Amino acid sequence: MPELRTRRLFLVGFVGFLFAQFAIAFWWSEPYPAVIEPGFLGSPPTTGRATIRGYRVVASGPADSALVLGADTFFDRVPSSYLMFDLPFLLDSTPPPFSGVLQVRGKLLHRAKLRSDAGVLEFDAYAEERLSELTGRADWDSLRIEETLRDVDAERLNYVEPPRVHRSREFHLR
Amino acid sequence: MTAGLSTTGAAASPTAGTASAGGPLGRAQSWLDHEYFVSDEQLGFLRVLYCAFVLFVIGLPTFTWIAKTPQLLFDPPLLSPADLLSGWPSYGFLWTLSFALVVCFLLLLLGFFVPTVSVLTSVLLIVGSNLQFSFGKIDHHILLALGPLVMAGSGWGNRFTLARGRAAPNRSGVCLGLFAIVVGFAMFTAGFQKLVTGWLDPRTQASYGHLIQNFYGTSSGVLLAPFAMHVRSKFVWEGLDWATVGFELLFLAAVIRRTWFRAWIVLAVFFHTGTLLVLDIGFAVNFSAYLLFADWPVPRFRLSRRSAWLVAGCACVVALSFWWQTTAPNQQVQMGSSLAGYVVNRAVGPANVNGTTDEILPDILALLAVAGFLIRRSRNPGPGVMVSA
């Protein structure tokens, strides 16, 4: 009864896939949403202060000239919601390589970060071109991507103070 | 298009009126057939509706924009084929992928090579989504990608087709039933994550917290968010937290009966529209999955073969034109473009707040469909009507 065997195999595979999916969602979720999204591992605060995360790009040029842009203005070819997940990865330092054979996930993370950082040279060219498009100038010296945190008073619903820089990464353009 | 060029399926389920096959497998098949079986005509019409909705209302995803982004942003999911790549694929590859996808959907719409093209469509959507999600964020498009794959063996290419192929057996009960389980499971996992991470904790109101985060963070408070921010009642927000978790968890249980499942889909349409209006989180892509479970009135008119080809040609020209527009080199980020989005954008113009007004159209259509089914239900409370008992 090959038909019955195929159907049985399909059903077992289907149920197995659902279980695997559930296990991954429950025990092995990707780290970034869990870390950066308030509420993903607990409810976000609705009293006191709520901290809002944001990203901006600061370009520096000759004679101390500077340009501050929202990250979504600079990375206009990437959906802004994607940037909220990708820029933390970009700003992260490379995790140390794991020595254990079973640390598959650590190895993959390490390799992913090294692979991404191999694109720095290409990014410098991208940044120069993009700044030139935005300002008409091609003499920018460096570009810094900053992660900012800004507090909101959850009761009064207003910003409490200016955004503060939480971490940043600098790229030298010329 | 001509309806009923070929037929094999009966109007009733294949296991109806017969003794159920032995064993758990046979009982499962009997249950799915009993609950989810639809006629060949209905099944063929579902395929046409599904393709038309994706092509002309929500718009097909395109992937060419990915090639214009810096390699530094390449962060594929760890357990995925994209993790084997060293960076973004070339523009040529992404163009071919996007073009193949629109061609597949058109073939599916017209009814050519339906089983094969259904599988290919899902594969292309999964590969493209994998690349799209290599910015680190994983969107909720999985139901769109899985729909054709699960329906491939259902026989949904038997009717409303321009092809003169051999008809396949009608396996709508099993295929629609499995897809219902997939939909229910997807919603269940969403609810389960909320359940175990404190959404039901009465000391905090998670929905309201997300509203604050979205209002000041990513969405800048569009649509109804400014009004929702003034609702400060803890009871209201806590009630929404509980309702959300309960609704998502019970979606899986609702699969047991088709009538329950349809009722849950009606709730889902309201739920998704609410999250779009208040939290600026659009789920219109899920409507493509939901529409497969409704009893649509199948058109009774017949087109001549010539007229059917003419209509098909027009559909191809419109779909390919919008696809071409999204892949133009000077385009900004375009994750999909559709006839409906174009019409709304032209009509609304600068009032398209934050680019979200056109996202409301699929929700409005879904609400109108729900209203239509409920009116039909109230006038004719017999079987075969949406949310009928």
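Modeller: The largest nonpolar core has 108 residues, and within it Phe105(B), Leu109(B) and Phe179(B) touch the most other members. Everything said here concerns a predicted model. Leaving aside residues up to four places away in sequence, Leu109(B) touches Val48(B), Cys51(B), Ala52(B), Leu55(B) and Ala315(B). In general, nonpolar side chains tend to be buried together in soluble globular proteins.

Several of these names return in the packing of two helices. From helix H2 of chain B, Arg47(B), Val48(B), Cys51(B), Ala52(B), Val54(B) and Leu55(B) meet Phe105(B), Leu108(B) and Leu109(B) of H3(B). Sorted by class, this contact between H2(B) and H3(B) comprises eight nonpolar residues, one charged residue and no polar ones. A pair of packed helices is described by the angle between the two axes and the distance between them. Here H2(B) covers residues 40-58 and H3(B) covers residues 91-110; their axes come within 8 Å and cross at roughly 145°. The handedness of the crossing of H2(B) and H3(B) is left-handed.

For the complex, the predictor gives an ipTM of 0.80 and a pTM of 0.85.

The two chains may now be described in turn. Chain B has 14 helices and two strands. Of its 389 residues, 44% count as buried. Among the contacts in chain B with a separation of 6 or more, 75% are between residues 24 or more positions apart. Chain A contains six helices and five strands, and from the N terminus on its elements follow the order α-α-β-β-α-α-α-α-β-β-β. Buried residues account for 20% of the 174 residues in chain A. In chain A, residues 24 or more positions apart make 55% of the contacts with a separation of 6 or more.

Three further residues of chain B deserve attention. Phe160(B) has a phi near 50°, a positive value in a residue other than glycine. Phe160(B) sits in the loop between helix H5 (142-151) and helix H6 (172-196) of chain B, and it counts as buried because it has 26 C-beta neighbours inside 10 Å. Asp280(B) likewise has a positive phi, near 60°, and is not a glycine. The loop that holds Asp280(B) runs between helix H10 (258-279) and helix H11 (284-290) of chain B. Asp280(B) has 23 C-beta neighbours inside 10 Å and therefore counts as buried. Within helix H10 of chain B itself is Gly274(B). With 17 other C-beta atoms within 10 Å, Gly274(B) is partly exposed. Gly274(B) and Leu224(B) are 50 residues apart along the chain, and their C-alpha atoms are separated by 9.1 Å.

Finally, the confidence of the prediction should be kept in view. Chain B averages a pLDDT of 83, with 85% of its residues scoring at least 70. Within chain B, confidence is highest in helix H4 (residues 114-132), at a mean of 95, and lowest in strand S2 (residues 336-337), at 65. Over residues 1-10 of chain B the pLDDT stays under 50, and the model has 32 contacts beyond four places in sequence for this stretch. Residues 383-389 of chain B also have a pLDDT below 50, with 25 contacts in the model beyond near neighbours in sequence. Chain A has a mean pLDDT of 79, and 80% of its residues reach 70 or more. In chain A, pLDDT stays under 50 over residues 30-42, for which the model has 21 contacts beyond four places in sequence.

Methods
Residues are numbered from 1 along each chain as its sequence is written. Chains are lettered from A and ligands numbered from 1 in the order in which they are written. Helices (H or I, at least four residues) and strands (E, at least two) are DSSP runs, numbered from the N terminus. A residue is buried if 20 or more other C-beta atoms lie within 10 Å of its own, exposed if 12 or fewer, and partly exposed in between; C-beta atoms are placed from the backbone. Two residues are in contact if their C-beta atoms, placed from the backbone, lie within 7 Å. Axes are lines fitted to C-alpha atoms, for helices over the stretch in contact, and angles run from 0 to 180 degrees between N-to-C directions. A crossing is left-handed if the near helix is turned anticlockwise from the far one by less than a right angle, and right-handed if clockwise. Ala, Val, Leu, Ile, Met, Phe, Trp, Tyr, Cys and Pro count as nonpolar, Asp, Glu, Lys and Arg as charged, and the others, Gly among them, as polar. A nonpolar core is a set of buried Ala, Val, Leu, Ile, Met, Phe, Trp, Tyr and Cys residues joined through C-beta atoms within 7 Å. pLDDT is the predictor's confidence in each residue, from 0 to 100.
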